[in-house]
Amino acid sequence: MTGGPRRTRWPLAATALTALLLWLVGYPLLITLIEALRSPSGGFSLETFSTFAQRGEEWLALWRSLWLSLASVVAAAVLGVPLAFLFARRDFPGRRLLTALLTLPVSLPPLVGVLAFLFLYGESGLITRLVGGFLGMSEAPWRLQGWPAILLVHAYSMYVYFFLFARAALLATDPSQREAAASLGAGRWRILREVTLPALRPALLGAGLLTFLTSMASFSAPYLFGGSFRVMTTQIVASKLNGNLRLAMVESVALAAVAFFALVVSRRWGGGSVVAVSHGVAAYTAPPLTGFGRWVVPAMAWGFAFVLLLPHAVLIVLSLVPTATWTVELFPPVLDLSNYRTFFTDARRLAPVVSSAWMATLASAAALVLGFLAANLGRRQRGRWRGLLEGMVVLPWAIPGTVFAVALAVTFSVDQPWAGRFLLIGTTWILPLAYLLRTLPLTGRAAIAGLAQLDPAQEEAAAALGAGRWRSLWRVTLPQVRPALAAGLALAFITSLGDFVTSIILYTYENRPIAIEIYSNLRLQEIGLAAVYGVLLMLLSTVVLFTWGEGRKAGAI
Amino acid sequence: MKLAGSLVLSLVLLATSGCGGGGDGVTSITLYSPHGRDLLQLYEETYEAAHPEHDVRWLDMGSQEVYDRVRSEAANPQADVWFGGPDTMFSRGVEEGLLQPFRPTWADSVPESSQHPQDLYFGLYLALPILVYNSDAVTEEEAPRDWEDLLDPRWKNKIVLRDPIASGTMRTAFGMILSRSIAETGDVTAGFEWLRRLDGQTKEYAQNPALLFSKLTRQEALVSIWELTDILLLQRQGSPLAYRFATSGTPIIDDSIGLVTNAPHADAARQFIEWVGSVEAQELAAEKLFRIPARTDLPREELPTWAVDVIDQLQPAAVDWDRLTKDGTAWMERWDREVRSKG
C-alpha cells in the first residue's frame, strides 16, 4: 500500500471497534452455527448437515440462489451503469428531475413492490390484460412466475445500486484527468478503459457485491413468484414454518457460506491497487447533448422512467380501490378515499408509522457512524485487520434477514452478561439493533467506496500543515466522502423503514413497524389499506432519498 | 438536509409524545391471534367497556406464526393469551412447554374431545374447511360437491390453493386425506398419490389468504379449499364467492385458546379467557362475525340462522387427530419434497 493513507498510531481504537463488530455481527452467527450442530439429543453431531447434503433439492435451491444472484448482478449493471454515465456526463432537459425519478424503485419496499408487480404484470394484472386484449387473446399472454419474474423484480429494484454508486463515483472523479488524457492523444475508449473505469472500480464492485448479496437474501419476490422454483431463502422459511428449525439453521449456514465466499472473492478483486484521483477541485459542467441525441435520449429516458414508475402508480390506484370492488374489470370500477379515511380516523393505525420512523432513524444513524468508523480505521490497517473490519461490516448483507433475526433472537434470549448475551428478546430494542446490522453493509460499503477515492495527499497535506486528526477528518476527509455517505445513509434509512423479514420475527406490540401492518392488512384482505401504508412508505422514502441522497450532490461536482 | 433534519426531529418528537401506552392502574392483556381485526377489535371494545381496569392489546398474525413467536419469545414472553389456531398447533406448543394450565368455568360446556386433558387449551370455535368457488364463473350445479370432484379434468388448472406449508386449515384438509388413506389401505401411499393428482390439477399455491381470494375473485382460478368463516365474511363484503360442504364429510378443527407460560399479566389474562368463552362473547362472535361456537349448550334460538343451518348440515369427517399431530410435520415435509409441482 505505498502511497496509502497514514497508518494509525492507535490500534486500540481499531481493536475496540473490531471487537464490537465481532460481537454484534459475528457472535450471533456463531451461536446459530453451534445450534445447527446440536443434535436433537443434546450433544453435537453432523446429523442435520448430512440430511441436508443428501437431499438433491437442497443443492438445487442453493444452485438456483447462486445463478439467479449472478444474473441479477448482470441485469442490474446492464441497466444501471450506462444510465449513470448518461446522467453524470451529459446534460439535457429534465436531467435533475429524471435523476431523482430513476432512483425511485428503492423507495418501493420489497413486500409492497412485489404486490404492485402482481397487480401490473400478474395474470390478471393491468398490463397483462391490456396486452392480452390488444392481441385479442383470451388467455393471459404470460404468467408472472418462476425465475424470469424474480429476475425482473431484482433488476428493477437493484439497478439503482449501480446507478447511484457509479454516478456518485463519476461525479467525484476529476474531469481534468480525462482532459489531460485526451490532450495526450488518448481516444475515447482508451480514456474509458484506463482513466474512468479504474476510478469507477470500487463503486462498481460495491454495487455488484450489494446486488449479489441482496439477491441471495431476497425473499419477497421468490416467495410470491417462485412457486416450485425454490431458492435458499424460501427453502429456509419453509423448513422453519414446518417446525424444522435445525434444518433451517443448516440451510442458513450453507447460504451464508456461499455469500461469504462471494465476499472473499470480491475482496481479492478489489483489494489490489486503488487509484486515487482528484487533486484539487475542478468544476465539471456536463456538456449538453447535441444533434439527434438531444431529442431521442431524453425521450427514451422519460419512457424508461415511466415504466419504472408504473408500480408506484398502481400502488396509488390500489390505495383508492375500496375492498373487494376490483375483480375482472380492466380498470377499477370504483375509486374513492375510503381507505385513507379509515387510516386517518383511527389513531392506532398511525402507531406503526411512528415506530418505523424512529427505529429507522436511530438504526441508520448508528449504522452510518459504525460503517464510517470501520471503513476509516480499516484503510489505515494492514491486510488482515482491514479484512476483518470491512468483512464484518459487509457480512450481514450475506445473511438472509430471517436468519439474522433468528440468530439475534437465539443469542439475546438469555441473560448471561459474562458471555456477552443479554435478554433483549421481547423488548423494543432488539428490532432497531437488527435494522442496524442489516443496514451496516449499506453505509459501510458507501464509506469504503468513498474513502477509496480519496487522495491521501490531501490528508498528508493537512497533517503537514498542522491539522490534528479530528480537524483533518472534519475538514478534509468528511466533506469529500459526504456524497457517498449520504447515499449510503439514505439507502439504510429506506431499508429499515420498509424492512419486513427481520421485523416479522422481532417486533413487539410496542414497536410494530409499517411492513408488519401491511402484512397484517394483507392477511385481513384489506389490500387497499395495505396500499395506503405502501404509498406512505413510498412518500417517506422518496423525501429521504431526495434530501439525503441528492442534496449533497453539489459537494461532489 | 435541513428539511430531512426537521422531518426526523418532528418524527422523533411524535414518537416520544404520542402513543403513551395504558394509564395508571390499567393492566394490559396482550393477545397473539390469527382471528383478524374484525373479531379482535370487537372483543377489545366490548371487553374493555365492561372491564375498564384492563387494556386489551392484540397482534394479528397467521396461526403458524403465533406458535413460532410464542416459541421464540419463550425466554421473555410478551403474549398473555394464545387466542386462536387449530388445536394441533396448540398441542405442539404444549410439547414445548409454551402453555400453562387454566380451566375456565365454561370448559364444562365444551365437548371432551375439544379439551386438553391437563387444561392447557380449550376449543372455542369450530373452523370448517369447505369447497369454495367463484359464483360468477361457476354455477351451483357445476361446483364440486366433494373432495373427490376436485380431481375432475374440468378443474385442471382452475384450482388455486393456499400454500399448505403455512396454513393450519390446509394442513388439516391434507391430513384428512392421509388419515383416510390410512383407514382404508393401512398406510399413506394412496393418500399421497391422491394429493399428487390434486397437485396436477392445481394452478398455483397462494402465499397468503388475501392473494388466494384475489386470484379467486379475479378469476385466475375458480375453485379452492378454504375455511368457512372467511368466506362468509367475504360474501358479506360483496365478493362473488360461494361454498359447499363436501358430501363425504368436513374435518372439524377446534379453534382453541390457551394461557401462555409465564404470561406477564396472567391474572388479567385468565379473566379475559373466562369472558371470551362466555355465552355473551360467543353469541356476539357468531352473530357479528360468523364464528361457530364450540360450546354445545347455547340455545338454538339464540344463534343466528346461518349458524343453525351450518350445524345442521355439518357431516364430520373422520380424522385421526393424534396421528395428524404426531406425523403432520413429516407428512408436510414429504408433501413439499415429493408432491409439490410434481403432479
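The conversation below takes up confidence, a pair of helices and the setting of another helix.

Visitor: Where in chain B is confidence lowest, by mean pLDDT?
Guide: This is a predicted model, and chain B averages a pLDDT of 88, with 93% of the residues scoring at least 70. Over residues 1-23 of chain B, however, pLDDT stays under 50. Where pLDDT is low, the predicted coordinates should not be read in detail. In chain B the highest confidence is in strand β4(B), at 97, while the lowest, at a mean of 46, belongs to helix α1(B).

Visitor: At what angle do helix α15 and helix α20 of chain A pack?
Guide: Two packed helices are described by the angle between their axes and the distance between the axes. For α15(A), residues 351-378, and α20(A), residues 469-498, the axes are 8 Å apart, and the crossing is right-handed. The angle at which α15(A) and α20(A) pack is about 145°.

Visitor: How many residues of the contact of α15(A) with α20(A) are nonpolar?
Guide: The residues that meet include A363(A), L368(A) and F372(A) in α15(A), and L485(A), L489(A) and F493(A) in α20(A). Of the residues of this contact, no residue is charged and five are polar, while the nonpolar ones number eleven.

Visitor: Within what arc do the buried residues of α10(B) fall?
Guide: Helix α10(B), residues 279-289, has the buried residues A281(B), Q282(B), A285(B) and A286(B). They line one face of the helix, because, seen down the axis of α10(B), they fall within an arc of 130°.

Visitor: Which elements cover the buried residues of α10(B)?
Guide: The helix is followed by F290(B), whose phi is positive, near 60°. The cover of the buried residues of α10(B) includes α2, α9, β12 and α11 of chain B.

How values were computed:
Residues are numbered from 1 along each chain as its sequence is written. Chains are lettered from A and ligands numbered from 1 in the order in which they are written. This is a predicted model: local features need pLDDT of at least 70, side-chain atom pairs count only at pLDDT 80 or more; totals for chains, interfaces and linings use all residues. Axes are lines fitted to C-alpha atoms, for helices over the stretch in contact, and angles run from 0 to 180 degrees between N-to-C directions. Helices (H or I, at least four residues) and strands (E, at least two) are DSSP runs, numbered from the N terminus. A crossing is left-handed if the near helix is turned anticlockwise from the far one by less than a right angle, and right-handed if clockwise. Two residues are in contact if their C-beta atoms, placed from the backbone, lie within 7 Å. Ala, Val, Leu, Ile, Met, Phe, Trp, Tyr, Cys and Pro count as nonpolar, Asp, Glu, Lys and Arg as charged, and the others, Gly among them, as polar. A residue is buried if 20 or more other C-beta atoms lie within 10 Å of its own, exposed if 12 or fewer, and partly exposed in between; C-beta atoms are placed from the backbone. The arc is that of the directions from the helix axis to the C-beta atoms. pLDDT is the predictor's confidence in each residue, from 0 to 100.
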